[in-house]
Amino acid sequence: MTSEASGEATTTSEAAARTADLGDRGGADPDIKRRKLHVLEQMANRGIFFFTAALVLIAALFIDGFASLENITDVFHRAAPIGIVAVGMTFVVISANYLDLSVVAQVATAAVVLIGVSNNSNIPMAIGLALLIALAYGIVNGVAVGVFKANAVIVTLSTTFIGLGLLRWASGGSIYFGPSDGPIRSFGTTEIGPFPLSMIVLVVIAIGLHFLLNRTTFGFLLKSYGSNRNATRLAGVNTALVVVGAFLISALGSTIGGFVLAAFSNTAVSAMSSGFDFEALAAIIVGGTSVFGGKGSVLRTLLGVVFVSVLTNIMVLSGLGFGYQQMAIGALIAAAVSVDALARRAAGK
Amino acid sequence: MVATGTWITQPVAFTSYQVTLGRIALVGLVALGLTAVILMGELDLSVASTLAVAGVVMASIDNLALGIIAALVVGLLIGAANAFLVVVVGINSFIATLGMLFLLRGLAFVISDEEPVRLSNIDAGISFGKPLIGEFTPRILLFIFTFIVMHLFLTRVRVGREFYAVGGNRQAARDAGIPVRRRIFTGFMISGLVAAGSGVINALERTAADPTAGSTVLLSSFAAAIVGGILLNGGRGSVFGTLLGATSLGILQVALTLSVVQVDVQNIIIGSVLFIAVISDPNSIRAVSGSVRSFLRGGSVLSKPSVDPKEATNNG
């Protein structure tokens, strides 16, 4: 049992290290001047690799029940929906628009629509409707921020309340249960080794978004907009489309995240996604995507998701309640952003 | 827009002005504190949790006076911590106070053991909810008092007037010799103190402190401040505007409640009001008219490639 358990942990950290390598290569700028990096910059750039590895190691060594196949599968099950939301939201953060608070409403809506509508008609109908709603979210948020130049935090705060209000009003706040067998249920329960199918979906989406960010004109313009929006606009770029695109990707990620969440629990209720906004943000920032915009990587967000999920899991296993978990994630956000801000100052930017 | 909304809803809300006043007071108080921060172009999202933490701190201390003092001190400390992150570390206030919002919500849960804390001195709470002078409960009197103090502070006191300068043009303010960092510290501490005060009032009236208190206050207080005409970029706005915003929102809310509109629908309406308010401030209008003009002049060259990958993800 013990030997098997420790073997499990090494595979996880190895996988994490491999993803990390990939992320670094994608995010590195070949033109950057070679110079001695400040210690804070090192921490902001590479810290996440060491912290994640250290956290997984500590958890495997000192936390009872962490390094069991059952627990690790459970961590993956819980990490997948937040991860899919986070990789999508990474685009909004890179565009220097802080975050998309409305993912809470979007995830819940997608979950309720998937289970509720597929119970009454069929699954393609449910997925189609949910994607239409995602399109609406992306366009409303994106136009308000990109065209009207409104503050993204306030805009998405208001769309969260509008969206959750509409969802509760339409669903009557009731809980929807999926059928005990069928495609949704089998998607949610299929596991390949320790990896649930949802985790594989997350990795595939992350790799796709990684290419979108690093190999396409859109990704290039997004980073450019995030680091200097006026210069990008003056270069003749239609910046509104870039912002709408970022919010559309976030909406798409939240919707797929909602599907995965609903499939895993086979239930859907409007309150099921509370806290997704902050956990996703924590994963993004801890991963090293800068809240100042312009700099970030999807694969690093993946690593951030591992970090946040393992941290939450450690707290749950140690019997620390909801309050402690919230405090930890809040402190994590504040600490990661502080390191980023101080590193920037040290670099003289 | 505000005036129209008020006029339409006034007949219904007028019959129960006492309830209306109470509603305005809680949201309005938080919004008044926010005004000080928003005037400088910063934002304090942590007010909702500050309210909860202050209430829980007060309720867990047996001595009422000591509890109130402790709660207010906690509010000041939270404000100072926010300002530290913004000014000294250099984090954008949206993100810094967002982290604090989460951290403090957790703290409220930890202190209260995830359950509402009963006030040990229930009599004080009950008498606090009763009208003191005429129809006015202490809550409303405190709101009016805070309003007057804030108004005088921002218009008559030099420190307060400098808030406008800091928000209008930070570099110019610095060059004019205004201690910008200290003003921002003051602003956040005012916001923290006022939010803590609202938490105390809330807990006193309910005779119990709920760690989840304040989650709806966040939306309403921002809506009140922004509907009241404060520019999020800073430098413009007044406590009168905030009062007007809080009043019209409070009346709207009470009118909706009286006409038996569900809470969900109320959230939709208030969310929409905030949404419209935030996209219709002068800067936004200027941005839109600018882009319409450039669009009419013949669009941009580079806009096409940015469409393709986006559509690709939508299909895939």
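A cavity is a set of grid points where a 1.4 Å probe fits but cannot get out, and its volume is the space filled by probe spheres set on those points. The model examined here is predicted.

By this rule there are four cavities of 30 Å³ or more. The largest cavity holds about 40 Å³ of space. Its lining consists of B:Met58, B:Ala59, B:Ile61, B:Asp62, B:Asn63, B:Leu64, B:Leu119, B:Ser120 and B:Asn121. Five of these lining residues are nonpolar, three are polar and one is charged.

Nonpolar side chains tend to be buried together in soluble globular proteins. In this model the largest nonpolar core has 176 residues, and A:Phe91 and A:Ile333 touch the most other members. Helix H3 of chain A, residues 69-94, supplies the largest share of this core, 14 residues. Another core, of 22 residues, lies apart from it; among its members are A:Leu114, A:Ala126, A:Leu167 and A:Ala268.

Which residues does A:Ile333 touch, leaving aside those up to four places away in sequence? In chain A they are A:Phe278, A:Leu281, A:Ala282 and A:Ile285, and in chain B they are B:Ile95 and B:Gly99.

Some totals for chain B follow.

| Property of chain B | Value |
|---|---|
| Secondary structure | 15 helices and two strands |
| Buried residues | 53% of 316 residues |
| Accessible surface | about 13,700 Å² |
| Share of that surface from carbon and sulfur atoms | 65% |

Among contacts in chain B with a separation of 6 or more, 77% join residues 24 or more positions apart.

Terms used: Residues are numbered from 1 along each chain as its sequence is written. Chains are lettered from A and ligands numbered from 1 in the order in which they are written. This is a predicted model: local features need pLDDT of at least 70, side-chain atom pairs count only at pLDDT 80 or more; totals for chains, interfaces and linings use all residues. Side-chain values use heavy atoms; hydrogens and water are left out. On a 1 Å grid over the protein atoms alone, a cavity is a set of points where a 1.4 Å probe fits but cannot get out, and a pocket is an open set with protein on both sides within 12 Å along at least five of seven lines; lining residues have an atom within 4 Å of a point. Ala, Val, Leu, Ile, Met, Phe, Trp, Tyr, Cys and Pro count as nonpolar, Asp, Glu, Lys and Arg as charged, and the others, Gly among them, as polar. A nonpolar core is a set of buried Ala, Val, Leu, Ile, Met, Phe, Trp, Tyr and Cys residues joined through side-chain atoms within 4.5 Å. Buried means under 20% relative accessible area, exposed over 50%, partly exposed in between (1.4 Å probe, protein chains only). Helices (H or I, at least four residues) and strands (E, at least two) are DSSP runs, numbered from the N terminus. Contact means heavy atoms within 4.5 Å. Accessible areas come from the Shrake-Rupley method with a 1.4 Å probe; for residues, only the protein chains shown count as cover.
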